[in-house]
Amino acid sequence: MGSKGKKLLPTHVSRRDILKAAGYATAAGMIGSFLPGLSLAGKKKPNIVFILSDDHRFDHLGVTGHPWIKTPNLDRLAKEGVRFDNAFCTTSLCSPSRASFLTGQYAHKHGVINNLEQWNNQNVTVLEELKKTGYKTGFIGKWHMPGSLPKLRGVDRFISFTHKTGQGAHFDCPLVIDGKETQRKGKYLAEDLTDFALDFIRKEKEEPFCLYLAHKAPHGPFKPPKKLADLYKDEPIDNLPKAAQAKYSGMVNGEIYGGMLWNVEKKYKKYCRLVTSLDEQIGRVLDELDSLGLAEDTIVIYSTDNGYLMGDNGHFDKRWAYDPSLRIPFIVRYPAGIKTPGRVSHEMVLNIDLAPTLLNIAGQKTPGFMDGKSFLPMLENRNEPLRESFHYEFFVDFPPYLVPDIDAVRTRNYLYVTYNNSRMKPELYDVVKDPYSRNNLMGTPGANQVLAGLKTRLDAYVKEKRHAAN
Amino acid sequence: MQQTSVIKKQSLCRRMAIPSLAAVMVWMVLNTSYNIFTTIQDPGFYATLTDINWILLVAVVGFSAVITYPIMYFRGASLPERLIGAMALPLAFCLKEMFRATVAVSIPEAFFYAFFTSVQLLLLVGQVGLLSLMELICRKTATSKKGVNKVLTPVPTLLFPMALTALYFILIYDGGYAFHLKVKMVYRALFL
């Protein structure tokens, strides 16, 4: 190369060069906002701790204004992070929702449509994708999908249980630890799983890790630890709908739900104690991250598989397409990445969004097979709406649950529910004025004004679902 | 299971139809009132009325044979008549449940739900046990009224503890969960 050849490093920097460089930098920044993985993900890969509970109703947290339930650790998580107050599951049932969190897909796509259909081993999980990017991965806790435990690809540590067809038990629940069944006499499940989670964090702290910690609590049968036996004993339950005020489950059309039969109040308070005991275990995880100095670079996400009806519309349990069944708590803390912590985001976030978001944070694009969207912009407080509506689907999960197939559309303002192969009539709720879906607007004068738009949206969703199924 | 000769046989209407239909009618009234009460807006009023109604419903559906069976027995109803009469209400309940199930599933699945899931089986098996017990009690009472037949015969004597054992597995063992899983397993084998 002669003297006129370009130098590798310029010795003189002109004003034009500076402006040019600034222009490139600005353009790169703008592209970064469109390409996932170039902003938050541009930082060092954060550790990921995803904590999933079971049947945790969206408004049963101190931070959501429950009159007496104690959840100091989840409240702390919300205070230090972002709480999504419009978070939903796309199918309100354990197995389908859990598979949706893992795959980023709707139930009609991943195939676990109810608690009876088995997991397809061809499904690709977010853990498998994260493993490819160099993460150490651990799945600890409730798998709860029919059939035997799968050989999950891309998982370094797999601890789960098959006891009671995967439902587990709050006490003495045998665990399958990396393929080997082990008795756990005298152990409280939430505590036992947390112990393993802490071991995993300590062991993998030097590398980016992703821990998927899935609890059984507060799922029924409601058996909290004995030390909490008197907690909430004298608290009133007038925050609940009238069906829960009856001593024996006062349900519609002669429906009987064993889970809440015989003294609803006692069972409800046990449920609340389980929420508090779960919160204690979450506190242990947060404390451990603090003591290891990992909190700053660890993204902690808390959510649940589905909501829970506490007498809403005369129903207990989940499955039905009413807001307390669809809505889930969803809290994200990431000190190094979240702008203005302590915020509440009103964007509609879904269970299927978890996988794309985690991949984006790890610097990956959302794979084409995933249905969810990354909520990374919400963590960065960017003014980018995530979605205007979503499709809720439910597939019969019989017996003994007499809930028909459902297709519903939930927008920011309305919930439109249709029942398939059933004599049940469609329902419409104004979710802003009626956040518990108690007043069906079908047949009222205002209903027709919004129905056409909702039907069009729902038709498009159902068409897409049928297309995917074919 | 033969009746004592001292009992006078009354008309079919009096010995069977009236007691069994009366039980069915009371159940229908309570069922209707329960559904009406669920529309009451005041939570306290609603809770009081539905709770009372619920207890009465359980009592009538599950235990009406305590009253109807002896009436039929001492009005001279034969064993098949007593069985049909006493089972009328539980069967009506199961049929109502079958209709309710068709809101979500096919008729064969609804039939399975109405006769082979925990709540309905609890009722049907419980009824078998209750009828066995009532038969023994009626015989004992009839014997003390100078009847001549034996009180303890193999069928009712064995059916009663068998029913109790079945109830234990359906309701109490593992809180009913183990039985619930068996029901699901059978359902999967039959319908999926």
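This is a predicted model: local features need pLDDT of at least 70, side-chain atom pairs count only at pLDDT 80 or more; totals for chains, interfaces and linings use all residues.
Modeller: First, the conventions: local features need pLDDT of at least 70, side-chain atom pairs count only at pLDDT 80 or more, and totals for chains, interfaces and linings use all residues. Residues are numbered from 1 along each chain, chains are lettered from A and ligands numbered from 1 in the order written, and side-chain values use heavy atoms, without hydrogens and water.

Biologist: How many helices and strands does chain B have?
Modeller: Helices (H or I, at least four residues) and strands (E, at least two) are DSSP runs, numbered from the N terminus. Read from the N terminus, chain B runs α-α-α-α-α-α-α-α. The count is eight helices and zero strands.

Biologist: And how many helices and strands are in chain A?
Modeller: Chain A has 470 residues. Both element types occur there: twelve helices and 18 strands.

Biologist: What share of the residues of chain A is buried?
Modeller: Buried means under 20% relative accessible area, exposed over 50%, and partly exposed in between (1.4 Å probe, protein chains only). For chain B, with 192 residues, the share is 46%. For chain A it is 59%.

Biologist: How much of the accessible surface of chain B comes from carbon and sulfur atoms?
Modeller: Accessible areas come from the Shrake-Rupley method with a 1.4 Å probe; for residues, only the protein chains shown count as cover. Chain A has about 19300 Å², with 52% from carbon and sulfur. Chain B exposes about 10000 Å², and its carbon and sulfur share is 76%.

Biologist: What percentage of contacts in chain B joins residues 24 or more positions apart?
Modeller: A contact means heavy atoms within 4.5 Å. Pairs with a separation of 6 or more are considered. In chain A, 67% of such contacts join residues at least 24 apart. In chain B the figure is 71%.

Biologist: How far apart are the mean positions of the positive and negative charges of chain B?
Modeller: Lys and Arg count as positive, Asp and Glu as negative; His and the chain ends are not counted. Each charge is placed at NZ of Lys, CZ of Arg, CG of Asp or CD of Glu. Chain B has 16 positive and 7 negative charges, and their mean positions are separated by 17 Å.

Biologist: Which residue forms a salt bridge with B:Arg15?
Modeller: A salt bridge is a side-chain nitrogen of Lys or Arg within 4 Å of a carboxyl oxygen of Asp or Glu. Here the closest N and O atoms are 2.7 Å apart. B:Arg15 lies in helix α1 and its partner in helix α4, so the pair ties together parts 66 residues apart in sequence. The partner is B:Glu81.

Biologist: Which residue pairs with A:Asp312 in a salt bridge?
Modeller: A:Asp312 is buried, at 0% relative accessible area. The closest N and O atoms are 3.4 Å apart, and the partner is A:Arg438.

Biologist: How many salt bridges are there over all chains?
Modeller: The search covers the whole structure. The total is 40.
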